[in-house]
Amino acid sequence: MSNYVVGDIQGCYREFTEGLKLIEFDASKDFLWITGDLINRGPDSLQVIKHILSIKSAVHIVLGNHDLHFLNCFYSKKRLSKTDTFESLIKHEKVSIMAGFLIKQPFVFSKRIQTKKRSIKVGMVHAGIPKNMSLKKVETLSKLSSLKLKSNPKKVLKKIFEKDKKKYSIDSISGAINFFTRARVINKNGLPNFSFKGKVKDIPSHLSPWFDKKNKVMNDLDYLVFGHWAALEGKTNLSKIIAMDTGCCWGKELTFLRLEDKKKFVVKSKQG
């Protein structure tokens, strides 16, 4: 039995299935961790969701911002933007089942797994985790956020997608969800700045990456994996906080990581 993490798939179905063959994924004994953004930008969001549903008992997922955008379009009847590529998904006769599956997924996930040498605890989030939050608090916020989202999708999603996110406390439901699914950089007070999307070397001096060695959540984890920030190209310069989004939908790569030994498996993008 092995645990594999894959970065943002974003509708890149051909690369996704090629990667599953490359790692010889066996849904009867292996587990696939997905760092969010299963859909959108790539050409085959519908096929990606269908495949994941077919192996759902072997999959661990956290929601990403593109997954939330799809849910917002579905539950609030929002018109798709020109850059959205999930029209076939949202028009599918079983879209309510697919949306129902996604909305049940958490924002933060952690699990203890056994390697050849020892037992390790691994956490997963799509974008980031507030610097001074313990794993217990993070998982409590994730559970509360999921419960709120499932109980009133339209209302919660409307709040999440409000343009003025500066008012949000990271302890609030909307603030936590936005940090978990959108954060890349933070200010000196640990609050996210959602406008920056570039490389680490281009971060303005008053901002810094959300991750560093002093993140409180790492007191309770051996490793933390995340997606969202393609410009990192899979590099954080930290051994225990691992970036998985390697820009498949932008013509680069889709990366899988075996958690037991940190071996990477890379599929070249067929996009662009």
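**Close-up 1. Helix 3 gives the largest pocket the biggest share of its lining, five residues.** This is a predicted model, so to speak: local features need pLDDT of at least 70, side-chain atom pairs count only at pLDDT 80 or more, and totals for chains, interfaces and linings use all residues. Residues are numbered from 1 along each chain as its sequence is written, and side-chain values use heavy atoms, with hydrogens and water left out. Helix 3 (65-75), helix 8 (173-182) and strand 7 (192-193) each put at least two residues into the lining; helices (H or I, at least four residues) and strands (E, at least two) are DSSP runs numbered from the N terminus.

**Close-up 2. The largest pocket holds about 1,100 Å³ of space.** Among its 41 lining residues, Asn65, Arg182, Arg184, Phe194 and Lys197 are the closest to the centre. A pocket here is an open set of points on a 1 Å grid over the protein atoms alone, where a 1.4 Å probe fits, with protein on both sides within 12 Å along at least five of seven lines; lining residues have an atom within 4 Å of a point. Points join across faces, edges and corners, and the volume is the space filled by probe spheres set on them.

**Close-up 3. Helix 6 (residues 135-151) and helix 7 (residues 153-160) cross at roughly 120 degrees, their axes coming within 5 Å.** Axes are lines fitted to C-alpha atoms over the stretch in contact, with angles from 0 to 180 degrees between N-to-C directions. Lys148, Leu149, Lys150 and Ser151 in helix 6 meet Pro153, Val156 and Leu157 in helix 7 (heavy atoms within 4.5 Å).

**Close-up 4. Three strands make an open, antiparallel sheet in the order 7-6-8.** Strands pair if DSSP finds at least two bridges between them. Two bridges join strand 6 (residues 185-186) to strand 8, and isoleucine 186 has serine 208 as its bridge partner there.
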